[in-house]
Amino acid sequence: DAGGTMSIAPASMRGPPSPPRALARRRSSFIRAELSGSYRFATVVGLGLLIACYDRASLTWSSVQLARQISPFLPQAFERAEAWCWREWASANASALVGEGRAGASQSAVLEFTPEQFERADPPLDRPWIARGLLLNTPLHRKWTIEWLSQSPGRGDLVVDYFSDARLALIVPDTVAPLRDVLALIAAGGPQKLGTEMVFRAEREAVADLAALGLTAKLGAHYFTPAMLGTVLTMPLFSARGFAGETTRTDLHCEPIANAVMQLQGDKLWTFLAPEHSHLVMPQVSPDGRAYFYSRLEHSAPQFRTLPRQTVVSRAGDVIFVPTWTWHRVDYQPDVMSVSVSLFHFNPVTFVRNHPLYAALLLPNLIKEALGLKAQ
């Protein structure tokens, strides 16, 4: 055997035949060894394919995002590595535009439905769309008014978190007041911004009003029940108004959840960017430990104009759909008070399918939110 050959003993030197159980044990042992080796081989191949699928910049950036979720204090070397990744991606995009003879990316229209078209349609879950006037003349639209929200005694007495001045670059709300008072301040022209899910946590029976729209059936009716509130479904109420010059806004970001936004009053300007262009917006994991990515690219930067984006204005009665991991920015319109309710819902299929890398990278912060360690 030392020489690499194998000899077979003559029949006279062989022992008695092995009993069936011993043979079975040996076969089982052999199969387990083979499977174990196969698993190891598959693991090595899988890791090799993962590394091969992503360039050096993507792997470096991914490592930095994981490190950010583990420790809020990173050495300067990590910051420099992240900035290097952004420059590499921007340079590659600029070269591609020059090679194609283009100065920038053209904007495409958001898919639109009339209420009649929406009733017959099977709307996509991987691209934005807007259903014009879907809420108009429905019981929900007639019921969910500012007066209903401000009712006192009742839901108007709920003490909620809000932004005292939405024109400032605040990440989380900085003060509290009764819901009716916050809505009154915004209606009177104030710079406040409201974003709270506590209203519908207290009004669980109102979730039943959604069924009459035909909307939830197309998105997955099992997500939109009172029992799901606070688990895979949240229904935050948003309200603010825009100001000339420096408008109230929600900056460019993407999330591991899908969102169907019901515009109850006023209008908002939406800007969308598909998940495949994530690397072009200087992405970074949430600075406050929550489960989302935000863009470090300024809206006014020349690089922003080169991005293949979509824009659309949602008006009272519209429903706009934001797919999982789709980048979006929201601008409130000057001198217009907007009131909307979002149907944030977690769809495990689109969570993985729409951006597998982001789904894997954000697991540490998702665990923090699931354990209640980071939430807003």
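This is a predicted model: local features need pLDDT of at least 70, side-chain atom pairs count only at pLDDT 80 or more; totals for chains, interfaces and linings use all residues.
Residues are numbered from 1 along each chain as its sequence is written, and side-chain values rest on heavy atoms, with hydrogens and water left out.

Helices (H or I, at least four residues) and strands (E, at least two) are taken as DSSP runs and numbered from the N terminus. Helix 7 spans residues 179–187, and its buried residues are Leu 179, Val 182, Leu 183 and Ile 186, where buried denotes under 20% relative accessible area, exposed over 50% and partly exposed in between (1.4 Å probe, protein chains only). Viewed down the helix axis, these buried residues fall within an arc of 95 degrees, so they line one face of helix 7; the arc is that of the directions from the helix axis to the C-beta atoms. Just after helix 7, Gly 189 adopts a positive phi of about 105 degrees.

The loop between helix 7 and strand 5 (193–196) contains Gln 192, which is buried, with a relative accessible area of 11%. With neighbours within four places in sequence left aside, the contacts of Gln 192 (heavy atoms within 4.5 Å) include Leu 185 and Ile 186, as well as Tyr 162, Phe 163, Ser 239 and Ala 240. Strand 5 runs antiparallel to strand 3 (residues 159–163), to which two bridges join it, and Tyr 162 stands opposite Leu 194 in strand 5. Strand 5 is also joined to strand 7 (residues 237–241) by three bridges, again in antiparallel orientation, with Leu 237 in strand 7 as the bridge partner of Thr 196; strands are regarded as paired if DSSP finds at least two bridges between them.

The largest nonpolar core has 44 residues, and those with the most contacts inside it are Trp 144, Leu 194, Leu 210, Leu 215, Met 235 and Met 262. Such a core is a set of buried Ala, Val, Leu, Ile, Met, Phe, Trp, Tyr and Cys residues joined through side-chain atoms within 4.5 Å. When residues up to four places away in sequence are not counted, Met 235 touches, among others, Trp 144, Thr 196, Phe 200, Leu 210 and Val 341.

Asn 365, found in helix 12 (residues 363–370), counts as buried at 1% relative accessibility. Residues up to four places away in sequence again not being counted, Asn 365 touches Gln 69, Val 285, Gly 289, Arg 290 and Ala 291.

The structure holds 14 salt bridges, each defined as a side-chain nitrogen of Lys or Arg within 4 Å of a carboxyl oxygen of Asp or Glu. In one of them, Arg 180 pairs with Asp 157, the closest N and O atoms being 2.2 Å apart. Arg 180 lies in helix 7 and Asp 157 in the loop between helix 6 (146–149) and strand 3, so the pair ties together parts that are 23 residues apart in sequence. Arg 180 is partly exposed at 29% relative accessibility, as is Asp 157 at 32%. Another salt bridge links Arg 167 with Asp 165, with the closest N and O atoms 3.0 Å apart; here Arg 167 is partly exposed at 33% relative accessibility, whereas Asp 165 is buried, with a relative accessible area of 16%.
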